[in-house]
Amino acid sequence: MSAQFLSRWGVIGVDGDDAVTFLQSQLSNDVAGMAESQLRMAGLCTAKGRLLGSFFVLRQGKQVLLVCRKETIAALVKRLSMFVLRSKCKVRDCTAEYQVSFLSNSTLASPMRVQWDEQGNAKASLRPIGDSMPGFQIAASTEQAQRGHADDEFEYALQQLGIAYVSQATVEMFVPQAINFDLVGGVSFSKGCYPGQEIVARSHYLGKVKRRVFQATAAGAPTLTAGLDVWLSGKENEPAGSVATVVGFNGQQHLLVELPVEDADQNGATFTVKNEAGEIQLKVQPPPYDVHQKGSVFE
């Protein structure tokens, strides 16, 4: 099966004897407890629990690879490097060394799994969508992927799975729960401390999570962007939420929108976004899992 190049995604590499223990103290998920055959998601938060970046995490020996949106890499490398201090590891932008490609149907039988070859290349699976299991490939050789620029297909697959991610437009906009990061397996509540951990844990253990991400579409709309305000009809005094991710695919704009659960659960609620083209109505529906529960639905 052929792989198609992703131009909007890159790789941060963390190498060295202390790479795993260092990331264990920085990221929202359990890096020390993951096997080389596992794919996990994780976030890097501010002290106030706001996401600076989100990653697909792959581990091989003393090296950890973090796959994320390319435009966020420079700031994330700088941020992580500030906290390396005496840890024996180095954080660097590895995008020039690896090629990230989309797999429309991964050959791996199980979801959220990674397969490494002898050259250090990896194939990763996400979750099933219908009869397919989308995934991605990280290859050191640039000859292994077609130059297809499949970013829209990959990001559409993520939208269909209800997996949000941080782009430049949404840095520090969301706590992990607001984009369902706890539900899709991006947060561990037993791994110990990391920046923002107290805020994230408090939202988990005290009461209901009031804001979640929902799927939305805008048929025939002009290009929308992440970070736009989302408005609820009848409550024009302030935005109801925000656009977390958006991708154009098959003539529609496909979004993940962060909204109050109470508003999104209303029958007949009308949500819109506004840009230079005017007011655009969204068709909002739940993601393919229950937003009212707690804990990972991907386990």
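Lysine 274 stands opposite glutamate 279 in strand 16. That pair belongs to the antiparallel pairing of strand 15 (residues 271-275) with strand 16 (residues 278-285), which counts five bridges. The model is predicted. Its secondary structure comes to five helices and 16 strands. The radius of gyration is 19 Å, close to the 19 Å that the globule rule gives for 299 residues, so the protein is as compact as a globular protein of that length.

**Overall dimensions and burial**

- The C-alpha trace spans about 55 × 45 × 35 Å along its principal axes.
- Of the 299 residues in the protein, 54% are buried.
- The accessible surface comes to about 13,200 Å², and carbon and sulfur atoms account for 47% of this surface.
- Among contacts between residues at least 6 apart in sequence, 70% join residues at least 24 apart.

- Five strands form an open sheet in the order 3-4-5-2-6, and their pairing is antiparallel.
- Strand 3 and strand 6 are the edge strands, each pairing on one side only.
- Neighbouring strands of this sheet are turned against each other by 30 degrees on average, direction ignored.
- Strand 2 and strand 5 run antiparallel and are joined by six bridges.
- Within strand 5, valine 67 is the residue opposite valine 11.
- Strands of a sheet pair through backbone hydrogen bonds, in either a parallel or an antiparallel sense.

**Glycine 10 in strand 2**

- Glycine 10 is found in strand 2 and, at 1% relative accessibility, counts as buried.
- Leaving aside neighbours within four places in sequence, the contacts of glycine 10 are Leu66, Val67, Cys68, Lys70, Ile73, Thr95 and Val100.
- One of these contacts, Ile73, is also among the buried residues of helix 2.
- Leucine 51 is 41 residues from glycine 10 along the chain, and the C-alpha atoms of the two are separated by 18 Å.

**Helix 2**

- Helix 2 (residues 73-82) has the buried residues Ile73, Leu76, Val77 and Leu80.
- Seen down the helix axis, these buried residues fall within an arc of 100 degrees, so they line one face of helix 2.
- The face turned away from the buried side carries the exposed residues Ala74, Ala75, Lys78 and Met82.
- The buried residues of helix 2 pack against helix 1 (19-24) and against strand 2 (9-15), strand 3 (40-45), strand 4 (51-60), strand 5 (63-69) and strand 6 (90-93).
- Helix 2 lies across strand 2, strand 3, strand 4, strand 5 and strand 6, and runs at about 170 degrees to strand 6.

**Helix 3**

- The buried residues of helix 3 are Asp151, Phe154, Glu155, Ala157, Leu158, Gln159 and Leu161.

**Asparagine 180**

- The loop between helix 3 and helix 4 (197-205) holds asparagine 180.
- Asparagine 180 counts as buried, at 0% relative accessibility.
- Not counting residues up to four places away in sequence, asparagine 180 touches Arg212, Val213, Pro287, Tyr289 and Val291.

- Strand 13 is mostly covered, with eight of its nine residues buried.
- Strand 12 (residues 229-232) runs antiparallel to strand 13 and is joined to strand 13 by two bridges.
- Valine 230 has glycine 241 in strand 13 as its bridge partner.
- Strand 13 and strand 14 also run antiparallel, joined by seven bridges.
- Valine 257 in strand 14 is the bridge partner of valine 243.
- The hairpin of strand 13 and strand 14 has two residues between the strands, and asparagine 250 in this hairpin takes a positive phi near 55 degrees.

Key. Residues numbered from 1 in each chain as written. Predicted model: local features only at pLDDT ≥ 70, side-chain atom pairs only at ≥ 80, totals over all residues. Heavy atoms only, no water. Buried < 20%, exposed > 50% of the residue type's maximum accessible area, 1.4 Å probe, protein only. Helix = DSSP H or I, 4+ residues; strand = E, 2+ residues; numbered from the N terminus. Arc of directions from axis to C-beta. Contact = heavy atoms within 4.5 Å. Pairing = 2+ DSSP bridges. Rg over C-alpha atoms; globule rule 2.2 N^0.38 Å. Areas by Shrake-Rupley, 256 points an atom, 1.4 Å probe, with all protein chains shown as cover. Axes fitted to C-alpha atoms, helices over the stretch in contact; angles between N-to-C directions.
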